[in-house]
Amino acid sequence: MAENPSAPPSKLRYERGSEVRLKLNLRKSLFVLPNLFTFSSIFCGFYAVLIASASESDDDFYRAAMLIVFSMFFDTIDGRVARLTKTQSAFGVQIDSLADVVSFGVAPAVLVYRWALSSLGVVGLAVSFAYLLAGAARLARFNVLSVGETGAPKKPGKYIMGLPIPGAAGILVSIVVANHAIAGVLPTSSTFVLPVVLALAFFMVSTIKFRSFKDLRLNGRTVGMITFALGACVVIALYSHIAFALVWLLASYIAIGVIEAIFEISRRGLARRRASAPDVGLDDDEDDPITEDTEEYLED
């Protein structure tokens, strides 16, 4: 802002103060941007609950599922916007988790109950609630582990504990969308849906470490598994429906986490047995069987 040399000193001070206040207000307004995307995610989840609760046809279930997909889109964008504008905050972490409870906890639980589990009565209600409870517990644990002593968000690590709730919701939503794509041919009985819901609830509250893909340092084993999963995903998308490809991709993500967990536990057990042996014939300068990548996996 150009200053007027002939203006009195009091007016110059007022103009400088206005410029400073304007800059501060613009800075504060940036914090609203990621929250707008988060609120949009909450709205989509809320609307999905309303549609699923009053659903009367497969088209209604499809609409509710697509609204949850839009929630995933907004949930992905809000974090990117926060990092680009450098407006990450403890409030953002908390409101994002609350949004996830609604959009990826309540909405999928109501959808899958109305879609396939309502015929089981109390059992179907309990299984749907178990999914919601596991998702809420997983988010609470994530909040505790993702903030420091000052309340500021920590830098994301290579692994995250438990299956992320958007991934669990994505599998349920993809099954609903795939069923709609093939005109309801997919079996929607409790014998098919109930074990899937229970398995997703278990993976969310488990201590299995899943890759966050935010600090990606892949080894040969993981590159091979990811290449196979993506290649199979492309084949399924070309010869079937893209919703089936998404189911396969998310299921592969879970499988990679489980396989890596088994591999690392086995390697750690082998290292302990070697360390407890009286004489294993190892030189003093030989590398320890537990690698740096293994330690990061076990301690992250």
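Modeller: Helices here are DSSP runs of H or I with at least four residues, and strands are E runs of at least two. This is a predicted model.

Colleague: How many helices and strands does the protein have?

Modeller: Ten helices and two strands.

Colleague: What pattern do they follow along the sequence?

Modeller: The order is α-α-α-α-α-β-α-α-β-α-α-α.

Colleague: And what share of the 300 residues is buried?

Modeller: Buried residues come to 37% of the 300. The protein exposes about 16900 Å². Carbon and sulfur atoms supply 67% of that area.

Colleague: What about contacts with a separation of 6 or more: what share comes from residues 24 or more positions apart?

Modeller: Those pairs account for 76% of them.

Colleague: Let's move to helix packing. How do the axes of α3 and α4 cross?

Modeller: Helix α3 covers residues 58–84 and helix α4 covers residues 90–117. Their axes come within 11 Å and cross at roughly 165 degrees.

Colleague: Why call α3 and α4 roughly antiparallel?

Modeller: Angles over 145 degrees count as roughly antiparallel. The α3 and α4 axes cross at roughly 165 degrees, so the two helices are roughly antiparallel to each other.

Colleague: Left-handed or right-handed, that crossing of α3 and α4?

Modeller: Left-handed.

Colleague: Which residues make the contact?

Modeller: On α3, they include Phe-61, Ala-64, Ile-68 and Met-72. On α4, Phe-104, Ala-107, Pro-108 and Leu-111 are among them. Asp-58, Asp-75 and Asp-78 of α3 also take part, as does Arg-114 of α4.

Colleague: How do the residues of that α3 and α4 contact divide by class?

Modeller: Ten are nonpolar, two polar and six charged.

Colleague: Now α7. How do the axes of α4 and α7 cross?

Modeller: Helix α7 spans residues 190–205. The axes of α4 and α7 come within 10 Å and cross at roughly 155 degrees. That makes α4 roughly antiparallel to α7. This crossing is left-handed.

Colleague: Which residues meet there, between α4 and α7?

Modeller: α4 brings Val-112, Trp-115, Ala-116 and Leu-117. α7 brings Val-193, Leu-194 and Val-197. By class, the contact has seven nonpolar residues, no polar and no charged ones. Trp-115 is also listed in the α3 contact.

Colleague: One last residue. Is Ser-97 buried or exposed?

Modeller: Ser-97 is buried, because its relative accessible area is 5% and the cut-off is under 20%. Ser-97 sits in helix α4.

Colleague: What is Ser-97 in contact with, leaving aside neighbours within four places in sequence?

Modeller: Leu-139 and Asn-143.

Methods. Residues are numbered from 1 along each chain as its sequence is written. This is a predicted model: local features need pLDDT of at least 70, side-chain atom pairs count only at pLDDT 80 or more; totals for chains, interfaces and linings use all residues. Side-chain values use heavy atoms; hydrogens and water are left out. Axes are lines fitted to C-alpha atoms, for helices over the stretch in contact, and angles run from 0 to 180 degrees between N-to-C directions. Angles under 35 degrees count as roughly parallel, over 145 as roughly antiparallel, 65 to 115 as roughly perpendicular and the rest as oblique. A crossing is left-handed if the near helix is turned anticlockwise from the far one by less than a right angle, and right-handed if clockwise. Contact means heavy atoms within 4.5 Å. Ala, Val, Leu, Ile, Met, Phe, Trp, Tyr, Cys and Pro count as nonpolar, Asp, Glu, Lys and Arg as charged, and the others, Gly among them, as polar. Buried means under 20% relative accessible area, exposed over 50%, partly exposed in between (1.4 Å probe, protein chains only). Accessible areas come from the Shrake-Rupley method with a 1.4 Å probe; for residues, only the protein chains shown count as cover.
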